[in-house]
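I am opening a notebook on a structure that is new to me. My entries follow the order in which I looked things up.

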Amino acid sequence: MNSQPDKSPELETLITRLKKNLHGYPAGTAEAGEALLRTRDPKHLTPLIAGVLSYLTPQDKAARHAAMLSEAGISLQLVSDLQLDSLTMVELAFLVEDSLGIKLPDEELTHLVTLDDLNKMLQRQLGITAS
């Protein structure tokens, strides 16, 4: 993890795209994404993922998902607990790839079961090691 935030032009372009992509998402989502990109600190992944999932799920499920995330956290199962369908998973993958400037391996996406699986895959693709 870097102690000095990156301020390169490439990073600034990526952050601008992330903010555009996450405009209208729950409060704190874009900020968590920016903090993740600047600091490479994995603690910013959970609020980023929570905000994105809250936005991508139907309104009637969003409040329930937020409560579940605060209680069970990353052990939640994407399909059985959060009831994410394949279309939502594809939307999530495209959004994450475009917003974070990474490529998510298709073979890994098909094996995601829990939020922890998603979190670990994102850390690997971003080159982040948990501290």
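Before anything else I wrote down what I mean by a buried residue, namely one with under 20% relative accessible area, while exposed means over 50% and partly exposed covers what lies in between. I also noted that I am working from a predicted model.

**Entry 1: the overall fold.** I counted the elements and found 7 helices and 0 strands, so that is, by the definition of these runs, a chain read as α-α-α-α-α-α-α. Of its 131 residues, 45% count as buried. I then looked at the contacts with a separation of 6 or more, and 59% of them come from residues 24 or more positions apart.

**Entry 2: an aromatic pair.** I searched for aromatic pairs and the count came to 1. The pair is formed by Tyr25 and Tyr55, which are stacked, with 3.7 Å from centre to centre and 20° between the planes. Tyr25 lies in the loop between helix 1 and helix 2 and Tyr55 lies in helix 3, so the pair ties together parts that are 30 residues apart in sequence. Is Tyr25 buried or exposed? Its relative accessibility is 13%, and therefore Tyr25 counts as buried under the cut-off of 20%. For Tyr55 I read a relative accessibility of 42%, which makes this residue partly exposed.

**Entry 3: helix 2.** I went through helix 2 residue by residue and found that 9 of its 11 residues are buried, so this helix is largely enclosed by the rest of the structure. Among the buried ones I listed Thr29, Ala32, Glu34, Leu37 and Arg38. Which helices do the buried residues of helix 2 pack against? I found helix 1, helix 3, helix 5 and helix 7. Just after helix 2, I noted that Arg40 takes a positive phi of about 60°.

**Entry 4: helix 2 against helix 3.** I then looked at how helix 2 (residues 29–39) packs with helix 3 (residues 45–56), and the angle is about 145°, with the axes 8 Å apart. The crossing of helix 2 and helix 3 is left-handed. On the helix 2 side the contact is made by Thr29, Ala32, Gly33 and Leu36, and these meet Leu45, Pro47, Leu48, Gly51 and Val52 of helix 3. I sorted the residues of this contact into 6 nonpolar, 3 polar and no charged.

**Entry 5: the nonpolar core.** I looked up the largest nonpolar core, which has 35 residues, and the members that touch the most others are Leu22, Val52, Leu92, Leu100, Leu115, Leu118 and Leu122. The elements that give two or more residues to this core are helix 1 (9–21), helix 2, helix 3, helix 5 (86–100) and helix 7 (115–126). As background I noted that in soluble globular proteins nonpolar side chains tend to be buried together.

Entry 6: I placed Glu91 in helix 5, and with a relative accessible area of 38% Glu91 is partly exposed. Glu91 and Leu56 are 35 residues apart in sequence, and their C-alpha atoms are 7.9 Å apart in space. Gln77 lies in the loop between helix 4 (59–72) and helix 5, and Gln77 is also partly exposed, at 34%. Leaving aside its neighbours within four places in sequence, I found Gln77 in contact with Leu82, Val113 and Thr114. Gln77 and Asp117 are 40 residues apart in sequence, with 9.2 Å from C-alpha to C-alpha.

Notes
Residues numbered from 1 in each chain as written. Predicted model: local features only at pLDDT ≥ 70, side-chain atom pairs only at ≥ 80, totals over all residues. Heavy atoms only, no water. Axes fitted to C-alpha atoms, helices over the stretch in contact; angles between N-to-C directions. Helix = DSSP H or I, 4+ residues; strand = E, 2+ residues; numbered from the N terminus. Left-handed = near helix turned anticlockwise from the far one by under 90°. Contact = heavy atoms within 4.5 Å. Nonpolar A, V, L, I, M, F, W, Y, C, P; charged D, E, K, R; others polar. Core = buried A, V, L, I, M, F, W, Y, C linked by side-chain atoms within 4.5 Å. Buried < 20%, exposed > 50% of the residue type's maximum accessible area, 1.4 Å probe, protein only. Phe/Tyr/Trp six-rings, centres within 6.5 Å; stacked < 30°, edge-to-face > 60°.
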